Amino acid sequence: MKRRPRRATAAALTALVLLAACVLVAVVAIQLIIGERPWVSYSSVASALNRTPWTSGWLELGSIVAVVLGLCLLLAAVLPGRRTVLPLHGALDSGASRASYRSTLRAAASGVDGVSAAKVRLGRRRVRVRVRTHRTRSEGLSEAVEAAVTHRLDEVGPVEQPAVRVAVSATRSS
């Protein structure tokens, strides 16, 4: 199971821009059909475009913006996103959501004696755990947290075992 995120934001923005352009064209066409003065005059737009040279700064800027937006939309459609469900060993469709995966690892890190707070960041191949302690001496705490998180990972059973990195920050100095 390798569920990927939907590209809803890029698709919604593209759809809204295209919808706005279509609505504008439809309104202008209807205004021309019923004999009213249109919002955007075709003749004024055509004459302005005919007077504009190809080397105009505005034309070059607009072209660059259009190309960059097109490439961004193309990359958003083609490149794979971060998995929303992480595959686990076991049944064919067994998996865990990123939020539940993160919370179970945070609970394992927080359960270590001396840890007052823990934050977990999931990467593609690495789990980063930042823990805070009120102890003045934090020797051995990072190893204990790493062991607890690794043990929890072994219990959960992900298909790809990530490397665990632990950073400890003490609220009090020695």
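1. A residue is called exposed when its relative accessible area is over 50% and buried when that area is under 20%. In this predicted model, Trp39 has a relative accessible area of 62%, so Trp39 counts as exposed. As for its setting, Trp39 belongs to the loop that joins α1 (8-34) and α2 (42-51).

2. Trp39 is also one of the residues of a nonpolar surface patch, where Leu24, Val40, Val45 and Leu49 are the other members. Taken together, these five side chains account for about 490 Å² of accessible area.

3. Turning to the sheet, three strands make up an open arrangement whose order is β3-β4-β5, and their pairing is mixed. The edges are held by β3 (115-122) and β5 (163-170), each of which has a single partner strand, so one side of each is left without a neighbour in the sheet. From one strand to the next, the twist averages 20°.

4. Within this sheet, the pairing of β3 with β4 (residues 126-133) is antiparallel and extends over seven bridges. Which residue of β4 is the bridge partner of Ala118? That partner is Val131.

5. Helix α4, which spans residues 98-110, lies across β3 and β4, and α4 runs at about 150° to β3. Helix α5, which spans residues 141-156, packs on the sheet and touches β3, β4 and β5, while the direction of α5 makes about 145° with that of β5.

Methods
Residues are numbered from 1 along each chain as its sequence is written. This is a predicted model: local features need pLDDT of at least 70, side-chain atom pairs count only at pLDDT 80 or more; totals for chains, interfaces and linings use all residues. Side-chain values use heavy atoms; hydrogens and water are left out. Two strands pair if DSSP finds at least two bridges between them. Helices (H or I, at least four residues) and strands (E, at least two) are DSSP runs, numbered from the N terminus. Axes are lines fitted to C-alpha atoms, for helices over the stretch in contact, and angles run from 0 to 180 degrees between N-to-C directions. Contact means heavy atoms within 4.5 Å. Patches are made of residues with over 30% relative accessible area and no salt bridge: like charges are joined within 9 Å, nonpolar side chains (Val, Leu, Ile, Met, Phe, Trp, Tyr) within 5 Å. Accessible areas come from the Shrake-Rupley method with a 1.4 Å probe; for residues, only the protein chains shown count as cover. A salt bridge is a side-chain nitrogen of Lys or Arg within 4 Å of a carboxyl oxygen of Asp or Glu. Buried means under 20% relative accessible area, exposed over 50%, partly exposed in between (1.4 Å probe, protein chains only).
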